[in-house]
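Keep the 3D view open as you read.

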There are 4 protein chains.
Amino acid sequence: MSEDLDFDILRSAHIELKVTDLERSREFYVKTLGLVETEATSNQIYLRGVEDRSHHCLVLTEAAKPSVGHLSFRVRTEKDLDMLAKLFNGGKLSYRWIQPGSLEKGQGRALRLQDPLGFPMEFFFEMEEAEWLWQSFDRHLGARIMRIDHFNLFVSDVKEASEWYVKKLGFQCTEYTETEDEIPKLWATWLKRKPTVHDVALMIGSGPRVHHAGFYVPDQQAILRTADLLASKGYLRSMERGPGRHGISNAFFLYLRDPDGHRIELYTGDYLSVDPGWKPIRWKLNDPQRQTFWGAPAPESWFKEASEVDSVFQEEAAQD
Amino acid sequence: MSEDLDFDILRSAHIELKVTDLERSREFYVKTLGLVETEATSNQIYLRGVEDRSHHCLVLTEAAKPSVGHLSFRVRTEKDLDMLAKLFNGGKLSYRWIQPGSLEKGQGRALRLQDPLGFPMEFFFEMEEAEWLWQSFDRHLGARIMRIDHFNLFVSDVKEASEWYVKKLGFQCTEYTETEDEIPKLWATWLKRKPTVHDVALMIGSGPRVHHAGFYVPDQQAILRTADLLASKGYLRSMERGPGRHGISNAFFLYLRDPDGHRIELYTGDYLSVDPGWKPIRWKLNDPQRQTFWGAPAPESWFKEASEVDSVFQEEAAQD
Amino acid sequence: MSEDLDFDILRSAHIELKVTDLERSREFYVKTLGLVETEATSNQIYLRGVEDRSHHCLVLTEAAKPSVGHLSFRVRTEKDLDMLAKLFNGGKLSYRWIQPGSLEKGQGRALRLQDPLGFPMEFFFEMEEAEWLWQSFDRHLGARIMRIDHFNLFVSDVKEASEWYVKKLGFQCTEYTETEDEIPKLWATWLKRKPTVHDVALMIGSGPRVHHAGFYVPDQQAILRTADLLASKGYLRSMERGPGRHGISNAFFLYLRDPDGHRIELYTGDYLSVDPGWKPIRWKLNDPQRQTFWGAPAPESWFKEASEVDSVFQEEAAQD
Amino acid sequence: MSEDLDFDILRSAHIELKVTDLERSREFYVKTLGLVETEATSNQIYLRGVEDRSHHCLVLTEAAKPSVGHLSFRVRTEKDLDMLAKLFNGGKLSYRWIQPGSLEKGQGRALRLQDPLGFPMEFFFEMEEAEWLWQSFDRHLGARIMRIDHFNLFVSDVKEASEWYVKKLGFQCTEYTETEDEIPKLWATWLKRKPTVHDVALMIGSGPRVHHAGFYVPDQQAILRTADLLASKGYLRSMERGPGRHGISNAFFLYLRDPDGHRIELYTGDYLSVDPGWKPIRWKLNDPQRQTFWGAPAPESWFKEASEVDSVFQEEAAQD
């Protein structure tokens with residue numbers, strides 16, 4: 001695993017969502033879900049959770065149509081970025097350096113590439129500090145989101161995609177789903193760097209598309225309360241699935257669709273996976289408790305709809 | 001309302017469910033849901049909740065096929081039973097007296113009749129005391145059911161059925177659903193004697209059938225915990241709807257089907273309705289938040305399936 | 001009990017607290033605890049809970065020094081007020097009629113008297129409706145207080161005081177504490193009209209003084225959350241006792257002191273007492289679980305400090 | 001930090017408590033707190049939490065008097081044990097190897113030493129797997145303990161003790177308390193290897209003694225429920241402090257004393273500390289919110305009483 005690599009990816013760290021109406025998104029993410037606004041520009045809002053000590057875990061960027069700008073991972077040292085660049089060079093993968101303050105506020109030097117699966121990935125080490133609100137309970141509002149937890153991605157070949165994450169980037173598999181064919185086919189994998197269930201989940205589907213970003217909330221009560229709040233504030237159609245408990249990960253969840261259709265998961269109650277040699281938990285594709293431990297199926301939209309992704313190179317032109 | 005009547009019905013008090021396998025039902029109601037067994041005979045189990053100070057709120061009776069034996073209401077005084085008998089006489093409704101210890105354990109003299117809607121109703125005043133387990137938290141198991149809360153009934157004519165309860169028996173309406181026709185049609189009513197949302201709900205449907213009996217649990221956590229327990233113990237198909245929040249009543253709920261298909265609601269968080277002159281809350285039939293405040297629709301089985309009811313006179317012959 | 005009386009007191013309905021700085025009290029009760037402001041004048045604020053459909057359950061009146069203006073009970077009909085006046089006449093108790101709109105907003109005709117125990121009591125039937133916020137969860141803030149629940153009073157002779165409430169006013173005793181002397185002495189009683197644990201508790205102490213007013217919150221989580229909020233907002237010294245569970249009543253509680261020293265209890269999870277013939281629960285004075293089921297003793301201030309009460313006749317002069 | 005060391009300590013992993021009556025301890029830890037019994041011998045019980053996939057996180061060993069047998073840490077690889085032995089050699093610290101199956105069931109080769117602070121420490125890599133009960137909710141009983149979280153130790157010199165952990169063993173400081181003297185004195189430190197608040201806390205006091213072992217529970221409800229259970233089962237005096245919220249760590253807690261006086265903390269709701277460069281949170285000794293965020297002080301026993309520790313060499317003789 002990671003022991004043989006010369007870099008150390010710490011965790012999934014933030015996602016950039018392109019949205020078509022910044023104020024409408026602020027109403028949803030800040031005034032309803034309670035994410036904390038660290039900074040805003042004319043076309044961007046930088047948000048963090050109440051446990052975050054750094055600048056942002058979600059960037060909203062106004063754009064003509066909804067998409068995912070990039071998925072970002074934090075590394076342990078500045079030097080890890082150079083090591084990653086070397087890895088990509090070796091694999092003949094194009095990448096670009098984002099200079100501090102050029103495209104993204106609050107962040108140091110960042111390395112962006114379109115990964116072999118087609119996703120706009122970013123790696124960075126430095127991020128500005130932000131006020132820690134962890135014990136300012138009067139500022140824990142709405143869903144009381146603590147931090148980002150994971151990205152969930154649609155890929156056409158789960159096996160191939162998982163190998164990229166595990167063999168090249170040092171992720172470990174905690175749980176997976178496979179078919180019950182004579183030669184089982186890998187259907188989905190949950191891959192982690194930080195010692196929880198996952199930083200990235202890969203699910204079979206028409207990709208590259210982002211299925212959802214998961215945000216951690218403190219308890220089940222925060223999720224039930226959010227459902228009540230959304231229902232009271234007219235966001236009835238935003239609740240796509242749940243509240244319920246997952247089989248995989250065991251987490252308690254609620255899936256939301258933001259005003260642009262991006263899918264967000266409120267997520268709590270998975271487990272720590274600190275020990276080495278975690279034997280991945282295997283789920284059969286036809287197990288009714290796999291997706292929802294209590295048995296209720298997910299709606300069709302959940303299986304089909306997802307967010308398109310950008311090219312990390314497209315802005316370059318725009319900026320010229 | 002009740003002020004003009006010469007009897008005082010206190011509340012819905014217990015239900016008798018005919019079940020086809022007493023041990024299988026004990027496994028479900030006692031060992032999984034945690035109802036407390038007060039007494040059992042060769043063909044009956046008497047159960048109570050952890051808040052109950054009296055003998056039972058649920059009677060399970062073994063029978064060849066599932067049905068509802070009777071729905072029972074407690075009155076304020078022994079004399080109220082005679083006043084009710086007089087009322088039924090006046091209305092030429094047949095009834096019978098059940099002597100203490102004859103058909104039902106732990107209960108004093110009871111008056112049973114087939115009401116004009118076709119349901120097997122019972123009224124009683126006296127019931128044996130049972131140990132109060134309210135502060136024996138080590139005996140609060142499973143769903144931690146506190147008490148019975150209400151009966152929900154399918155009737156073919158909600159207006160007529162509601163008039164029986166309101167005008168003859170002194171119930172008050174707290175909430176109701178009606179169609180949006182030019183002349184609105186009454187679709188469902190929530191009727192109370194005790195100062196909560198209801199003791200009886202009447203819903204349009206093929207009746208007389210019992211849609212469900214509602215049991216009160218202390219909090220939302222008890223409901224989520226029950227879902228986890230049921231899923232762990234193989235009762236996946238017992239969870240028919242929920243957990244979720246109702247629009248009507250605002251209660252948090254989970255609907256279960258027992259091993260014979262009888263429907264049970266775990267229910268918590270409605271409101272007190274002590275003040276006189278409660279203006280009934282009106283719900284439009286096509287309001288998506290009416291049934292589930294969060295918007296998710298109920299499954300088809302919930303609208304169609306219900307328990308058949310017995311005749312209160314049928315046992316007489318059997319006993320001769 | 002009440003059956004022999006010709007009036008029907010429904011429940012404890014509101015309390016008037018005299019406070020020395022209205023803005024400071026608004027900060028505490030509205031902005032921190034989340035009570036809803038129905039109406040305000042230059043020297044008064046009328047507050048209600050999120051379950052209330054009527055104008056107020058708490059009146060804050062600016063005054064030179066803190067005290068309790070009056071304790072108010074709602075009756076079932078307007079005529080009950082005249083019956084109560086007749087009762088007081090028979091007992092040669094002075095009383096006064098408060099005309100609608102004269103001293104208190106939102107309320108109909110009210111009957112005030114200094115009761116034989118020295119407390120400023122009020123009875124009323126009519127109160128203006130207010131918007132029901134029960135399903136406007138975005139307006140359930142702070143402690144999410146639902147309604148007033150009870151008054152707790154220091155009296156010098158609990159037996160005599162209890163007789164006034166039980167024999168004259170028709171209250172019933174649900175729980176009581178007595179000493180373990182050969183001839184036990186009554187130490188405290190919990191008395192109810194609405195079918196819960198109590199509307200009034202009487203505790204031995206230097207009286208007439210109001211020990212606290214209890215407000216109902218939806219669940220334990222609301223109480224823990226309030227403790228977090230108070231701690232975050234600098235109200236550290238406002239938390240006098242708890243969170244914890246009572247032996248008596250079994251309720252989960254947190255005692256607060258408002259900026260003027262008035263004591264407020266946040267309270268949840270007691271039981272329904274609908275059935276007739278409730279056998280009062282007896283607690284021994286030296287039972288360590290009586291006050292706190294978990295055993296932790298209350299601080300000394302809790303036993304000694306309480307709010308002084310006004311005369312219901314004193315304002316008359318002021319108004320001339 | 002750890003980057004420069006040639007071994008990797010993963011986390012605090014288990015504690016051995018010497019108890020004087022094994023059955024009495026089983027009643028407390030298994031039947032009341034709900035820890036799961038993996039294996040037992042005539043004089044030992046091996047316990048795990050519901051999230052644990054390995055053999056034990058608590059060993060109870062019957063003995064003539066109560067003490068702490070050893071504190072154990074898991075390392076990432078078998079080779080790390082040899083590297084640690086080398087470190088101790090270099091420091092002229094005596095140690096011993098415990099062969100698999102000799103003194104402790106379920107565990108591979110272990111390295112034990114009396115550390116420079118006087119504590120009986122153990123390091124191991126291998127441990128037998130045990131059935132994962134994480135989704136067997138019917139087996140989550142009592143406090144629903146998930147895993148061990150940390151050790152809290154009384155040491156006479158916090159600075160010196162912290163340097164041993166940080167400089168020699170690679171721990172990182174997340175929070176600390178210091179006096180407000182002109183030259184501040186270090187009063188307590190919270191040190192972690194796994195990315196949470198701590199694996200070890202060091203507090204000034206008469207040492208070497210173990211103040212408590214912390215066990216992680218899923219939510220606040222599990223702690224409130226445990227208080228209710230203990231109160232119902234006669235363990236009133238076992239509840240020493242709480243439930244409450246810590247300032248330091250922000251966790252929600254309840255401190256218990258087991259039948260031999262060993263202190264156990266039920267603990268939930270701290271934060272993840274995955275990012276590098278965590279700036280330690282500083283607490284002033286005289287901050288009333290430091291120990292209890294809500295302000296209530298800890299009882300005197302909490303500051304004074306703790307468990308004595310054994311020598312890791314004493315059993316050797318006994319076995320010869």
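In chain A, 30 residues of domain 1 are in contact with 31 residues of domain 2. Keep in mind as you look that this is a predicted model. On the domain 1 side of that contact, strand S1 (9-19), helix H1 (22-32) and strand S5 (67-75) of chain A each supply at least two residues. The largest share, 9 residues, comes from S1(A). Sorted by class, the residues that domain 1 of chain A presents to domain 2 are 16 nonpolar, 8 polar and 6 charged.

Where are the two domains to be found along chain A? Domain 1 covers 7-136 and domain 2 covers 147-308. Taken over C-alpha atoms, the centres of these two domains of chain A are separated by 20 Å.

Now step back to chain A as a whole. You will find 6 helices and 18 strands in it. Along its principal axes, the C-alpha trace of chain A spans about 50 × 50 × 35 Å. A compact globule of 320 residues would have a radius of gyration near 20 Å, and the 19 Å of chain A agrees with that. Of the 320 residues of chain A, 55% count as buried. The contacts also reach across the sequence: among those in chain A between residues at least 6 apart, 68% join residues at least 24 apart.

Which residues of helix H1 (residues 22-32) of chain C are buried? They are Ser25(C), Phe28(C), Tyr29(C) and Thr32(C). These residues cover an arc of only 120° around the axis, so they lie on the same side of H1(C). After H1(C) comes Gly34(C), with a positive phi near 85°.

Most residues other than glycine have a negative phi, and most peptide bonds are trans. Against that background, Ser249(A) has a positive phi of about 85° although it is not a glycine. Ser249(A) is placed in the loop between S14 and strand S15 (252-257) of chain A. Is this serine buried or exposed? Ser249(A) has 24 C-beta neighbours inside 10 Å, so it counts as buried.

Lys92(C) is another residue other than glycine with a positive phi, here near 55°. You will find Lys92(C) in the loop between helix H2 (78-90) and strand S6 (95-98) of chain C. Lys92(C) counts as exposed because it has 6 C-beta neighbours inside 10 Å.

The peptide bonds have points of interest too. From Gly242(A) to Pro243(A) the bond is cis, with omega near 5°. Pro243(A) belongs to strand S14 (residues 239-245) of chain A. In chain B, the bond from Gly207(B) to Pro208(B) is cis, with omega near 0°. Pro208(B) lies in the loop between strand S12 (200-204) and strand S13 (209-216) of chain B.

Finally, let's see how chains meet. Chain A and chain D each bring 18 residues to their contact. The side of chain A that touches chain D has 8 nonpolar, 3 polar and 7 charged residues. What rotation superposes chain A on chain D? A rotation of 180° with 0.0 Å of shift along its axis does so, with an RMSD of 0.0 Å. That is the relation of a two-fold axis. In chain A, the C-alpha nearest the axis belongs to Asp219(A), 3.5 Å from it. The same surface serves both copies, as 100% of the contact residues of chain A recur in chain D.

Chain B and chain C also meet, with 18 residues from chain B and 18 residues from chain C in the contact. By class, the side of chain B that touches chain C has 8 nonpolar, 3 polar and 7 charged residues.

Terms used:
Residues numbered from 1 in each chain as written. Chains lettered and ligands numbered in written order. Predicted model: local features only at pLDDT ≥ 70, side-chain atom pairs only at ≥ 80, totals over all residues. Contact = placed C-beta atoms within 7 Å. Nonpolar A, V, L, I, M, F, W, Y, C, P; charged D, E, K, R; others polar. Least-squares fit on C-alpha atoms with pLDDT ≥ 70 in both. Helix = DSSP H or I, 4+ residues; strand = E, 2+ residues; numbered from the N terminus. Buried ≥ 20, exposed ≤ 12 C-beta atoms within 10 Å, placed from the backbone. Arc of directions from axis to C-beta. Rg over C-alpha atoms; globule rule 2.2 N^0.38 Å. Domains from an automatic or database assignment.
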